Amino acid sequence: MSQSKIIITSALPYVNNIPHLGNIIGSVLPADVYNRFLKQRNIKTLYICGADEYGTSTEIKALESNMTPKEICDKYIKIHKQIYDYFQIDFSHFGRTSTNNPQNDKDWIHTKITHEIFNNLVQNNFIFSDTITQLYCNELNMFVSDRFVVGTCSKCNYSKAKGDQCESCNSLLDANEIINPVYKLNTNYKLVLKETEHLFLDLPKLYENINDNFERNKNYWSNNAIGITKSWLEKGLKPRCITRDYKWGTPVPNTEKFGDKFENKVFYNWFDAPIGYISITAQHTNDWKKWWNECTDLVQFMGIDNVAFHTILFSATLSGYDKCNFNTTINSVNYLTYEGNKFSKSENVGIFGDDVMNSDIDSDYWRFYLISQRPEKKQTEFLWDNFENVVNGELNKNYLNFANRVISFTEKKFKQIPEIDKLLDIDKKFISKVNEICDDYLSAMYSIELKDGLNYCLEISHLANKYIAETEPWKIYKIDEQRCKTIINVIIHTLGLINRFMCPFIPTKCQLIFDSIGFEYKYDYLFINSYVGKTLNKLNKSLFKNVTREDF
Ligand code: ZN
């Protein structure tokens, strides 16, 4: 990272789905942790996310519920917001991509920016029209969107490929690349190929731009993002259709080149949803152009299934935006499974945001566990036994109990943070060992290796526990109060340091600790004696509670 301003994004969640723990750890939570870490170091950030609201899936849900698509979005966006609030996701702005009536309300900012980018792409000859065959349902009398198509992938024979993407081999699929397609909600409805005219983004012509963006930035990307993008570029790019025949979407504007031929069509979600990062910034601030320019770094968090949409397609789309030379970091994770199975609301597998809000388990505990299991390099599992062990053992016993003991003892014996008398070898060794781990922590966090960052916090906490066990301040107090004060000074400053490092992960508990020790530790290394004389307060509520599955 090289710039002074950083835009952080989380992949826009689809509005109709209630986010589950896999979604939370895939994008919003790591982005939040990273954002909090940078803000602590006074780096200027903007954290942008929002709901992806357009598409047939919303149209159909609206039809079934006897509501308008807008009403469906209004209903679900509230649920999304509540869930992210519960998880303490501190967005600069959580916006949305839809407007009341996309066909008329053309001044709306998302439509406006999408049109601006599209028009630039048209002017630069990156868009062409062609007649294609799409999957049509004779029973429903309409073209069926990809989300509602299921069939066999012609590339790997996986039998449950979705309309536009095979989850098994990660290929993006065209309509004619799916064998025996049927309508997902009624598999008796067979789908047939039918001709319709659409607009295409000329990816082969944009190959250089996309490849250049990849080569310039890949050193900052997750390995899976590098692998997926490389394989796309090696296979060669094909033009992608960017329009659709449904109504609930950003309308295609009339242009000199294509006239009004596409006025009844809308942009396909994958084309305009990522533009939402820009338009949601514009919803947040009138200064949005100062953010979306070459002096900004763009750090994008997502699940592995979203990589190609960002590194190939959004990268191509940004060619239509004149200030597109961002330094882009792609941070993508693998899947989290639930006790070995895939999350599914309809099959009641997994833990969803609404369940979590109703449990008796602190949101900090979920945050801590999820980061500790983050599928950074490979798929990982949510396991209840492991959840209990990690939270009760590593967080409660190793860190929070340590904090609790230190605060209680110091408050009771000294009221204030005592001064140092003389450091012994054991103190000096401890301090220098802690400072070595500080380097590891900082380097992990700046590289967005959050799981490692968290582990370094715990490592310092282990060391601190060991230091207490060896120096025995509780015993020494009765024999040599001066010596005890020195040990406590070292320990309290260490607690302040760990708490600063832990704060991005478990903000509520860390705030409680800061309130109690009377200072917010501001350094990235252990500097003892910095906060002498600060008055401690009793913890105003219990710091920890052991978690069991029954609390859920
Ligand atoms: Zn496949």
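The following legends describe close-up views of a predicted model.

**View 1. The open sheet contains five strands.** The strand order is β3-β2-β1-β14-β15, and the pairing is parallel. At the edges stand β3 (93-96) and β15 (327-333), each of which has a single partner strand, so one side of each lacks a neighbour in the sheet. On average, neighbouring strands are turned by 20 degrees against each other, direction ignored. Strands of a sheet pair through backbone hydrogen bonds, either parallel or antiparallel.

**View 2. Strands β14 and β15 pair in the parallel sense.** Seven bridges join β14 (residues 296-303) to β15. In one of these pairings, V299 has T329 of β15 as its bridge partner. Helix α10 (residues 307-317) lies across β14 and β15 and runs at about 145 degrees to β14.

**View 3. Helices α14 and α17 pack against each other.** The axes of α14 (residues 425-446) and α17 (residues 481-502) are 12 Å apart and form an angle of about 5 degrees. Because angles under 35 degrees count as roughly parallel, the two helices α14 and α17 are described as roughly parallel to each other. From α14, the residues I426, D427, F430, I431, V434, C438 and Y441 meet R483, T486, V490, T494, L497 and F501 of α17. The residues of this contact comprise nine nonpolar, two polar and two charged.

View 4. A search of the whole structure finds zero disulfides.

Note on methods. Residues numbered from 1 in each chain as written. Predicted model: local features only at pLDDT ≥ 70, side-chain atom pairs only at ≥ 80, totals over all residues. Heavy atoms only, no water. Disulfide = S-S within 2.5 Å. Pairing = 2+ DSSP bridges. Helix = DSSP H or I, 4+ residues; strand = E, 2+ residues; numbered from the N terminus. Axes fitted to C-alpha atoms, helices over the stretch in contact; angles between N-to-C directions. Contact = heavy atoms within 4.5 Å. Parallel < 35°, antiparallel > 145°, perpendicular 65-115°, else oblique. Nonpolar A, V, L, I, M, F, W, Y, C, P; charged D, E, K, R; others polar.
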